[in-house]
Amino acid sequence: MGQGHNHSNHDHHSHDHNHLHSTSSSTNLAWAFALNLSFSLLELVGGIFSNSIAIISDAFHDFGDALSLALVWYLQKISTKPKDNYFDYGYKRFSILGALIISVILSVGSIFMIIESIKRFITPEETKANVMFVLAIIGVVVNGAAMIRLNHGKSLTEKAVFLHFLEDILGWIAVLIGSVVMMYFQFPWFDPLLSLAIALWILWNAYGNIKQVMTVMLQAVPESVDRNHLIEHWEKIKGIQSVHDIKIWSLDGNHHVASLHVLIHENVKLTEFSKIKEKIRMVALEFNIIHTTIELETDAEQCKLHLD
């Protein structure tokens, strides 16, 4: 019968809120980049000096992360652009493209660490545990500061970067423990063993990030939306006979959209249609769906669109 468009004061409020959130995300990612790049330089020097493959591997891993963070920061800024003739929903998906890139780089870096760790495990070398100890303390402090900065991030990109720093902190705690052990015991294989454990942990979590990003890019129903529960709420609205051809997906993991066809009872007056559409949108907003496209139908019409 007609397309519903969600133009309201709520949209203006959401736009302002989203703009502020995006600006905050860009600032947080810029801080993360600066910390990551600075520490990776220190880490490489310390790793070479201490002859620790665990630290050298993580230094190269952090160099890759620093470069990816720069790209992710740029993509996050692009994601704040409004819709235009090329992107009807705006540029929000550029944000999850950044999350995908950093997750892939994490995976590649982890595979490199695994290969180098196995080599060093086969032919172990002595390491300077006291240098490892100092670097581990600095690593925990620097990555902890970056993680705190990203702690309240809601975008998939911020979550991916937050997880990266959390993994690094756990890794440095492991190195800290390992350095203390090697100060008192001759376990040259302990360093590559730590490196291998860290790499496997990072690889597993990077896989989880990639899976989550691909779920969004393939337009799956968001995990936070209970589809059946949402449909029940819609069909309880007075005047609605049933809903069908429902499509729910996410733009970037946080901003969800939906479209649906609504069969109206035959006794409902035309003047009541706008109220029904408004109630449908209000229910959708309760499920964090920011944009809802509605097609109203009556018994006299026959829906010829069947994509379910």
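**The sheet and its surroundings**

Mentor: Three strands make up an open sheet, ordered S1-S2-S3, with mixed pairing. Strands here are DSSP runs of E with at least two residues, helices are runs of H or I with at least four residues, both numbered from the N terminus, and two strands pair if DSSP finds at least two bridges between them. Before we go on, please keep in mind that this is a predicted model, in which local features need pLDDT of at least 70 and side-chain atom pairs count only at pLDDT 80 or more, while totals for chains, interfaces and linings use all residues. Residues are numbered from 1 along each chain as its sequence is written, and side-chain values use heavy atoms, with hydrogens and water left out.

Trainee: Which strands stand at the edges of the sheet?
Mentor: Those are S1 (240–250) and S3 (289–297), and each has a single partner strand, so one side of each lacks a neighbour in the sheet. Neighbouring strands are turned against each other by 20° on average, with direction ignored; the axes behind such angles are lines fitted to C-alpha atoms, for helices over the stretch in contact, and angles run from 0 to 180 degrees between N-to-C directions.

Trainee: In what sense do S1 and S2 pair?
Mentor: S1 and S2 pair in the antiparallel sense over eight bridges, and Lys 247 stands opposite Ser 259 in S2. The hairpin of these two strands has five residues between them, and Gly 253 there takes a positive phi near 100°.

Trainee: And how do S2 and S3 pair?
Mentor: S2, which covers residues 256–264, pairs with S3 in the parallel sense, over eight bridges. Val 257 stands opposite His 291 in S3, and the bridge partner of His 261 in S3 is Glu 295.

Trainee: Is S2 buried or exposed?
Mentor: Nine of the nine residues of S2 are buried, so the strand is largely enclosed by the rest of the structure. By buried I mean under 20% relative accessible area, with exposed being over 50% and partly exposed in between, using a 1.4 Å probe and protein chains only. His 256, Ala 258, Leu 260, Val 262 and Ile 264 point one way from S2, whereas Val 257, Ser 259, His 261 and Leu 263 point the other way, and all are buried. In a regular strand, side chains alternate between the two faces of the sheet.

Trainee: What does the side chain of Glu 297 contact?
Mentor: Glu 297, which is found in strand S3, makes a polar contact through its side chain with the side chain of His 261, at 2.7 Å. A polar contact is a pair of N or O atoms within 3.5 Å; within protein, one must be able to donate a hydrogen and the other to accept it, and residues adjacent in sequence count only if both atoms are side-chain atoms. Glu 297 is buried, with a relative accessible area of 7%.

Trainee: Which helix lies across the strands?
Mentor: That is H8, residues 273–286, which lies across S1, S2 and S3 and runs at about 145° to S3.

Trainee: New topic: which residues other than glycine have a positive phi?
Mentor: Among them are Asp 245, with a phi of about 50°, and Asn 288, with a phi near 65°. Most residues other than glycine have a negative phi.

Trainee: Where is Gly 178, and what does it touch?
Mentor: Gly 178 is in helix H5, residues 156–184, and is buried, with a relative accessible area of 0%. Leaving aside residues up to four places away in sequence, Gly 178 touches Phe 190 and Leu 194, where contact means heavy atoms within 4.5 Å.

Trainee: Last one: how many helices and strands are there in the protein?
Mentor: The protein has eight helices and three strands, and along the sequence they follow the pattern α-α-α-α-α-α-α-β-β-α-β. Of the 308 residues in the protein, 46% are buried.
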